[in-house]
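Dear colleague,

I am passing on the structure we spoke about, and I would be glad if you could look through it alongside the notes below.

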Amino acid sequence: MWFSDPNIVADTAKVAHEAAKKTDTSWIMHHVLDAREIDLTPFGVIHLPQLHLFGMDISITKHVVFMWIAAVVLITIFVKVSKSYKKSLIPKGVSNVTETLILFVRDEIARPNIGKGYEKFLPYLLTVFFFILTCNFLGLLPYGSTATGNISVTATLATISFIVIQAGGMMKNGVFGYLKGLLPHGLPTWLIPIMFIVELLGLFTKPFALAIRLFANMTAGHIVILALLGLIFILHTYVVIPVSIAFALFIFLLEILVALLQAYIFTMLSSLFIGMAYHQEH
Amino acid sequence: MELLSYVLVLAFSGGEVVQGGPLDVNPGLILWTVVTFIFLLLILKKIAWKPILNSLNERENIIKESLEKAETARKEAELLIADNKVAMRKAEEEAQKIVDQSREYAEKLKGQILDESKLAAKKMVEDATSEIERKNAEAFTKLKDQVAEIAIGAAEKILKENLDKPQQLKLVDKYLDEMNKN
């Protein structure tokens, strides 16, 4: 029997180990993962500075750079838009686009989900929406990189969201009132400690889901596109090229939709949770 | 048992991550994300969200106000139109009244004038008649006198020789009286 021969198993293990070392997916991951340099082949590679603070590695990485690009793009656009509103209240050009999105965030996301007192959270929601949207779109540009496809970034954004949700709830209802409000009414006394733990866990799972959802959505599309294009090189045939490109193009168009959708969903769920924490009675 | 150990070797041998994996957490990146996001939030809040949201609200208020104004203006216009209609109806009635009055007056005048002219005509006819009668009578008297003179003259000529004038006059008067009676 084959399995009685230990050599076969040892060989398989060796092959597997070699394969793992070679990391055949590295060329895909190279595009998706963070890096210490910006690859602009064939124009060269920009090496980013490595910084350390109190023994912590705070090097500027590719995703940091793209977050900054997103920030600069947003600030540039909104300075212009803000100026145009000073001139006249009638939107023109870029202001039309941003106004549509701003009104969408205000009237379709913040107002119905948070309800009364939504104005306080609008700056946060607008910033998160436009930041995620811009980061998502930057990943679709040539040489671009999706900062929102990095779990560290999305987790941080979700944590900020978590802080805003809890702070909103506590400012409205008071710290103890808010914690008390987590429990449903009319609970038997012996259930209270258990339910409190369950509800507390629920508070943490919400931003966790936010982080995972954004990260997975932004990463998955890129991996699918790269895998489809990689088929050409894996199968070593020209026949597959039109199919690969057609599918990759389709996924790319889907990614444009997903970029918009994920920014919307992150903002929408954030405002929903804010609303739940802010108006605890329902 | 040996098999199981091999399977376990297989299962765990290739699992180690060689390069950075997609689920690696990078503390530096977290720090930069926080810093970037907070700065972006503060800057955008100051330069963008406040002025833009304010102008959007302002514009909404302006639109609301102008709509309300338009509504009130429409109502006022409607009132005005209704007023105008009433005034027009009044004026029409007035005009009708004036026309009626003048017609009535004209009728009256016409009647009066007609009556007057009738009366005048009647009077004229009467005058004419009396004049004619008077003239007739005058003519008759004149004729009678002339006839009498002619007759007297003729009779004088005829009877110059045998009758004196007063006797003959008496005779003729007597004769004329008889004729008048007839």
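In what follows, two residues are said to be in contact if their C-beta atoms, placed from the backbone, lie within 7 Å. Please keep in mind throughout that this is a predicted model.

With that cut-off, and leaving aside its neighbours within four places in sequence, A:Leu125 is in contact with A:Val105, A:Ile109 and A:Ala110, and also with A:Thr267, A:Ser270 and A:Ser271. A:Leu125 is also one of the residues with the most contacts inside the largest nonpolar core, which has 58 residues, the others being A:Ala70, A:Phe129, A:Phe131 and A:Ile132. Two or more residues of this core are given by each of helix 3 (62-87), helix 4 (94-114), helix 5 (122-138), helix 6 (151-173), helix 8 (192-235) and helix 9 (240-278) of chain A, and likewise by helix 2 (27-159) of chain B. Helix 5 of chain A supplies the largest share, with 12 residues.

Turning to chain A as a whole, nine helices and four strands are found there, and from the N terminus on the elements follow the order α-α-β-β-β-β-α-α-α-α-α-α-α. The radius of gyration of chain A is 24 Å, whereas the globule rule gives 19 Å for 282 residues, a value well exceeded here, so the chain is more spread out than a compact globule. Along the principal axes, the C-alpha atoms of chain A fill a box of roughly 65 × 65 × 45 Å. Of the 282 residues in chain A, 32% are buried, and among the contacts in this chain with a separation of 6 or more, 64% are between residues 24 or more positions apart.

With best wishes

Notes
Residues numbered from 1 in each chain as written. Chains lettered and ligands numbered in written order. Predicted model: local features only at pLDDT ≥ 70, side-chain atom pairs only at ≥ 80, totals over all residues. Core = buried A, V, L, I, M, F, W, Y, C linked by C-beta atoms within 7 Å. Buried ≥ 20, exposed ≤ 12 C-beta atoms within 10 Å, placed from the backbone. Rg over C-alpha atoms; globule rule 2.2 N^0.38 Å.
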